[in-house]
Each structure stands twice: as C-alpha cells, then as structure tokens.
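This report describes one protein chain for a reader who has the sequence and the 3D structure at hand. Please look over both before reading on.

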Amino acid sequence: KFPALFLMIQALKQSFTSVLAAVKLVTIYIFIFAVIGSQLFAGVKHGRAITNLTNMHDVGMSMFLLFQVGFNQNMQDIIWDVSVEFPACTICKDCYVDPSGELQD
C-alpha cells in the first residue's frame, strides 16, 4: 500500500551497518583520547564545568566529558576550568611551593 515507506525502511536497513561502523569508530577515537586525557588532566581542580560527574578522574568520566566537548556543550566553561594556573590550581605530588611562595616543578 505504501511503496515509498517500504523503500525508506529498506534503505534504513541497508545503511544500518555503515552507521554502526561509524559510531564504533568515533567511540574508539574518543576512548583513545579519554585515556590520554585521564593521564594528563586527572588532577584538574573542579570548577563551573569540571564537576564530580564530568571530569578526567577515570576513563568513563573522561569519555563523558569528551562527548560534551564534541557536541560543543559548556565548551567555554571547560576551557576556563582547565586553564587555571597556580595558585588557584590543584597542587599535585610533582609540584611544591618553596618558602618564598614560588611554585617549583
């Protein structure tokens, strides 16, 4: 009865594997950068966009944050949070402040 609808459903069925492959590729790409980001930015201090839910503490949360960046959601706030410098930043074990108040690496 509806040949146009049948044709559209057939086209969707045929393109499903290609769309699924593209989604898998993007997910692997984001996973790789989430692993790198969780190593480089794990100690970033929480702010407006970096919260308990969206941060780089582990790979899952890093992927969630990268999906937000990919869709340009809270991009300015994320850039603001990761660009904080000493003395407002989180002091890590690799840095210390000498008696004169200077940050030493």
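Helix α1 bends by about 40 degrees at S15. The model shown here is predicted. Despite that bend at S15, the 38 residues of α1 reach 55 Å from the first C-alpha to the last, which is close to the 56 Å expected at 1.5 Å a residue.

**Overall layout**

The protein holds 3 helices and 2 strands. Read along the sequence, these elements follow the pattern α-α-α-β-β. Of the 105 residues in the protein, 18% are buried.

Four residues named as buried in α1 are I30, A34, G37 and S38. Y29 has a relative accessible area of 54% and is exposed, since the cut-off for exposed is over 50%. F33 has a relative accessibility of 41% and counts as partly exposed.

How many aromatic pairs are there in the model? The count comes to 1 aromatic pair. The ring centres of Y29 and F33 are 5.0 Å apart and their planes stand at 65 degrees, so the pair is edge-to-face. The reasoning rests on two limits: centres must lie within 6.5 Å for rings to pair, and planes over 60 degrees apart count as edge-to-face. Both residues belong to helix α1, which covers residues 3-40. Y29 and F33 are 4 residues apart, about one turn of the helix.

**The second largest pocket**

F33 also has a place in the lining of the second largest pocket. This pocket contains about 210 Å³ of space. Besides F33, the lining consists of G37, F41, M56, L65, L66, V69, M75, I78, I79 and V82. The elements that give two or more residues to this lining are α1, α2 (59-70) and α3 (75-82). Which helix gives the most to the lining? Helix α3 does, with 4 residues.

What kinds of residue make up the lining of this pocket? The lining divides into 10 nonpolar residues, 1 polar residue and no charged residues. G37 is one of the lining residues, and G37 is also among the buried residues of α1.

**Residues apart in sequence**

| Pair | Apart in sequence | C-alpha to C-alpha |
|---|---|---|
| S62 and S38 | 24 residues | 6.2 Å |
| R48 and W80 | 32 residues | 8.3 Å |

S62 lies in helix α2. Is S62 buried or exposed? At 0% relative accessibility, S62 counts as buried, because buried means under 20%. S38, the other member of this pair, is buried in α1. R48 is found in the loop between α1 and α2. With a relative accessibility of 55%, R48 counts as exposed.

**The loop between α2 and α3**

Where does N72 lie? N72 is in the loop between α2 and α3. Its phi is near 60 degrees, a positive value in a residue other than glycine. The relative accessibility of N72 is 56%, so N72 counts as exposed.

N74 is also placed in the loop between α2 and α3. The phi of N74 is near 60 degrees, again a positive value in a residue other than glycine. N74 has 38% relative accessibility and counts as partly exposed, because its value falls between the limits of 20% and 50%.

Definitions and conventions:
Residues are numbered from 1 along each chain as its sequence is written. This is a predicted model: local features need pLDDT of at least 70, side-chain atom pairs count only at pLDDT 80 or more; totals for chains, interfaces and linings use all residues. Side-chain values use heavy atoms; hydrogens and water are left out. Rings of Phe, Tyr and Trp (its six-membered ring) pair if their centres lie within 6.5 Å; planes under 30 degrees apart count as stacked, over 60 as edge-to-face and the rest as tilted. Buried means under 20% relative accessible area, exposed over 50%, partly exposed in between (1.4 Å probe, protein chains only). On a 1 Å grid over the protein atoms alone, a cavity is a set of points where a 1.4 Å probe fits but cannot get out, and a pocket is an open set with protein on both sides within 12 Å along at least five of seven lines; lining residues have an atom within 4 Å of a point. Grid points are joined across faces, edges and corners, and a volume is the space filled by probe spheres set on the points. Ala, Val, Leu, Ile, Met, Phe, Trp, Tyr, Cys and Pro count as nonpolar, Asp, Glu, Lys and Arg as charged, and the others, Gly among them, as polar. The expected span of a helix is 1.5 Å times one less than its number of residues. The bend at a residue is the angle between axes fitted to the seven residues ending there and the seven starting there.
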